[in-house]
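Here is a friendly walk through one protein model. Have the sequence and the 3D view at hand as you read.

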Amino acid sequence: MAAVAALIPDLLFGSQALSLLRSGGHEAVLVSDLAQIEGDAVDVLVVDLTAEARERLNEVQGADLSGARKLAVYAHVESEVRALAQQAGFDLVVPRSRFMREGAALVSRLSP
């Protein structure tokens, strides 16, 4: 079981993500900004890059995440966002559709 923080501004998607992660046995919370988790024990950070991707990428790069693994979620039609997330050092970058099918397993794979 991993401690997961999800930076997902879309409340519907965020609610679905929390349900998916919790049903997979993870302790998951939604956060509105990374200041809410800096210094906390978070194993995996899930970041939705569907909107304002560059701003969110900059926020993640500038945050002290104490070794948390990072999973980026993007709209499958935005290949540029995928490339930017990979360049930013995310451990895993997947389309939203894959996250909704395999999210709990992906987090398990990333967690220590």
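**Ground rules**

This is a predicted model, in which local features need pLDDT of at least 70 and side-chain atom pairs count only at pLDDT 80 or more, while totals for chains, interfaces and linings use all residues. Numbering starts from 1 along each chain as its sequence is written, and side-chain values use heavy atoms, with hydrogens and water left out.

**The overall picture**

The protein has four helices and five strands. Both are DSSP runs numbered from the N terminus: helices are H or I with at least four residues, and strands are E with at least two.

How does the radius of gyration of the protein agree with that of a compact globule? A compact globule of 112 residues would be near 13 Å, and the protein has 12 Å, which agrees. That radius is taken over C-alpha atoms, and the globule rule is 2.2 Å times the number of residues to the power 0.38. The C-alpha trace spans about 30 × 30 × 25 Å along its principal axes.

Of the 112 residues, 46% are buried. Here buried means under 20% relative accessible area, exposed means over 50%, and partly exposed lies in between, using a 1.4 Å probe and protein chains only. Among contacts with a separation of 6 or more, 65% are between residues 24 or more positions apart; a contact means heavy atoms within 4.5 Å.

**The strands and their partners**

Strand β3 covers residues 44-48, and five of its five residues are buried. Both of its faces are covered, with Val-44, Val-46 and Asp-48 on one side and Leu-45 and Val-47 on the other. In β4, five of the six residues are buried.

The table lists the strand pairings; two strands pair if DSSP finds at least two bridges between them.

| Strands | Sense | Bridges |
|---|---|---|
| β1 (residues 3-7) and β3 | parallel | four bridges |
| β3 and β4 (residues 69-74) | parallel | five bridges |
| β4 and β5 (residues 92-95) | parallel | four bridges |

Ala-5 stands opposite Leu-45 in β3. In β4, Arg-69 is the bridge partner of Val-44, and Ala-72 is that of Val-47. Val-73 has Val-94 in β5 as its bridge partner.

β3, helix α2 (residues 53-61) and β4 make a right-handed β-α-β unit, and β4, helix α3 (residues 79-87) and β5 make another right-handed unit. A crossover is right-handed if, with the strands pointing away from the viewer, the path from the first strand over the helix to the second runs clockwise.

Phe-99 is found in helix α4. Why does Phe-99 count as buried? Because its relative accessible area is 0%.

Which residues does Phe-99 touch, not counting those up to four places away in sequence? They are Phe-13, Ala-17, Leu-20, Leu-21, Val-46, Leu-71, Val-73, Val-94 and Leu-106. By contrast, Asp-64 is 35 residues from Phe-99 in sequence and 25 Å away in space, C-alpha to C-alpha.

Rings of Phe, Tyr and Trp (its six-membered ring) pair if their centres lie within 6.5 Å; planes under 30 degrees apart count as stacked, over 60 as edge-to-face and the rest as tilted. By this rule there is one aromatic pair. Phe-13 and Phe-99 form it edge-to-face, at 6.2 Å centre to centre and with 70° between the planes. The pair links distant parts of the chain, 86 residues apart, with Phe-13 in helix α1 (residues 11-23) and Phe-99 in helix α4 (residues 96-110). Phe-13 is buried too, like Phe-99.

**Glu-52, out in a loop**

Glu-52 lies in the loop between β3 and α2. Its relative accessibility is 51%, so Glu-52 counts as exposed. Most residues other than glycine have a negative phi. Glu-52, although not a glycine, has a positive phi of about 55°.
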